Amino acid sequence: MDIESLIRPNIRRLKPYRSARQEYTSGILLDANENAFGSAITFDGLELNRYPDPSQKHLRSRIAQLNDVEPESIFVGVGSDEVIDLLIRIFCEPRSDSVLVLEPTYGVYRVAADINDVKVNSCLLKDDFQIDPGEVRRKADASTKLLFCCSPNNPTGNLLRRDDILALCATASAVVVVDEAYFDYAQTESLISAISQYPNLVVLRTLSKAWGLAAIRLGYAVAHPLIVSYLMKAKAPYNINILTSVEALKALEQTAHVQKSVKATIAERKRLTRQLELIRCVKEVFPSDSNFLLVRVTDAHGIHQQLAQRGIIVRDRSTEPKLSGCIRISIGTPEQNDILLTALRELTA
Ligand SMILES: Cc1ncc(COP(=O)(O)O)c(C=O)c1O
């Protein structure tokens with residue numbers, strides 16, 4: 001597949017901004033209108049008056065090493081949300097191209113397309129929340145440039161079948177974006193291993209979930225170097241700040257911590273599922289490969305409100321397609337989960 005032909009013509013032609021720090025990073029730096037007198041504060045001995053590395057060499061190398069790919073296949077963004085927006089901006093011509101979303105799913109794909117004035121075609125997942133290939137074929141057309149697959153899917157919690165995703169990669173004349181934000185909780189093989197075979201596959205990851213670093217805002221895409229090169233051209237010159245880079249590099253050494261927190265989350269996911277199933281207002285707890293549970297209850301809106309009055313905040317998803325009566329509950333600590341369970345039992349007492 002000729003990926004380049006899917007890129008918007010203006011982006012193909014784009015002469016990107018060349019930032020000063022791309023050329024020189026040492027010497028008497030009088031090239032970027034920085035403040036040579038320094039800043040009032042410092043952080044970890046870093047010079048905060050200088051712009052950070054625009055090509056994020058260290059960070060991309062470390063992420064590449066962790067995923068067993070080349071640094072040229074890694075693009076880092078201000079959360080995966082920034083990557084989603086940039087993918088739309090490099091592939092989709094406003095008012096003529098479209099994206100396909102498999103709903104119910106993560107709402108940012110639709111909002112990012114709306115912001116960019118790009119049409120959204122929606123395809124419903126099947127009742128078991130798996131891809132309906134026939135439905136995708138019917139809804140995808142010549143204007144479809146991106147197909148968003150979230151696996152494990154938010155808010156349903158389940159993994160999408162790998163074979164279904166790979167079949168889309170093989171047949172779609174579009175880029176298939178697989179959002180693996182919750183991958184670490186799923187104990188399965190990542191789609192990253194298929195990147196070399198499918199140049200139209202982009203896998204998204206984030207440090208906001210299993211790594212526990214939502215506050216530093218770091219996500220990344222693993223993709224064919226050509227797609228990464230266009231993302232690099234279109235991004236803001238210094239999108240990743242130095243504090244985020246430095247903290248991420250430190251955290252990315254702590255793989256044991258991640259494994260421990262994933263293990264604890266999965267143990268609580270099992271316990272919470274079992275306990276919720278015994279509660280009267282709970283009709284169904286859907287199987288989850290994520291760090292949250294989708295739960296069908298007797299009265300989603302009422303239960304959401306009553307829990308909120310007790311200071312327990314869950315997400316009401318009952319207005320989403322196929323999710324009537326559903327709330328989404330993030331897995332908390334054992335103590336938080338016990339408080340939630342007690343509250344739910346009392347609501348129905
Ligand atoms: C499926 C999915 N993708 C991406 C994100 C956003 O990730 P980030 O914090 O990296 O922007 C979320 C956040 O909840 C999510 O559920």
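Here is a short chat about a few local features of this predicted model.

Student: Let's start with Arg269. Which side chain of opposite charge is nearest to Arg269?

Tutor: Arg269 sits in helix α10, which covers residues 255-276. Arg269 is buried but has no salt bridge. A salt bridge needs the side-chain nitrogen and the carboxyl oxygen within 4 Å, and the nearest side chain of opposite charge is 5.1 Å away; that side chain belongs to Asp289.

Student: And which residues does Arg269 touch, not counting those up to four places away in sequence?

Tutor: Start from where Arg269 is: helix α10. Leaving out residues up to four places away in sequence, the ones Arg269 touches are Tyr185, Ser288, Asp289, Ser290, Leu293 and Ile331.

Student: On to the helices. Are α4 and α8 roughly parallel or roughly perpendicular to each other?

Tutor: Helix α4 spans residues 79-91 and helix α8 spans residues 225-234, and their axes are 10 Å apart. They pack at an angle of about 100 degrees. Angles of 65 to 115 degrees count as roughly perpendicular, so α4 and α8 are roughly perpendicular.

Student: How many of the residues in the contact of α4 with α8 are charged?

Tutor: On the α4 side you have Leu86, Leu87, Arg89, Ile90 and Phe91, and they meet Ile227, Tyr230, Leu231 and Ala234 in α8. Sorting the residues of this contact gives eight nonpolar and no polar, and the number of charged ones is one.

Student: Now the backbone. Which residue does a cis peptide bond join to Pro104?

Tutor: Most peptide bonds are trans. Pro104 is in the loop between β2 (98-103) and α5 (108-115). The bond there is cis, with omega about 5 degrees, and the partner of Pro104 is Glu103.

Student: What is omega for the cis peptide bond that joins Ser151 and Pro152?

Tutor: Pro152 lies in the loop between β4 (144-150) and α7 (162-171). A cis peptide bond joins Ser151 to Pro152, and its omega is about -5 degrees.

Student: Arg95 has a positive phi. Is Arg95 buried or exposed?

Tutor: Most residues other than glycine have a negative phi. Arg95, though, has phi near 65 degrees, and its place is in the loop between α4 and β2. Exposed means over 50%, and the relative accessibility of Arg95 is 67%, so Arg95 counts as exposed.

Student: Last one: what is the relative accessible area of Lys322?

Tutor: Lys322 is in the loop between β10 (315-316) and β11 (326-330). Lys322 is not a glycine, yet its phi is positive, about 70 degrees. Lys322 is partly exposed, and its relative accessible area is 30%.

Terms used
Residues are numbered from 1 along each chain as its sequence is written. This is a predicted model: local features need pLDDT of at least 70, side-chain atom pairs count only at pLDDT 80 or more; totals for chains, interfaces and linings use all residues. Side-chain values use heavy atoms; hydrogens and water are left out. Helices (H or I, at least four residues) and strands (E, at least two) are DSSP runs, numbered from the N terminus. Buried means under 20% relative accessible area, exposed over 50%, partly exposed in between (1.4 Å probe, protein chains only). Lys and Arg count as positive and Asp and Glu as negative; His and the chain ends are not counted. Contact means heavy atoms within 4.5 Å. Axes are lines fitted to C-alpha atoms, for helices over the stretch in contact, and angles run from 0 to 180 degrees between N-to-C directions. Angles under 35 degrees count as roughly parallel, over 145 as roughly antiparallel, 65 to 115 as roughly perpendicular and the rest as oblique. Ala, Val, Leu, Ile, Met, Phe, Trp, Tyr, Cys and Pro count as nonpolar, Asp, Glu, Lys and Arg as charged, and the others, Gly among them, as polar.
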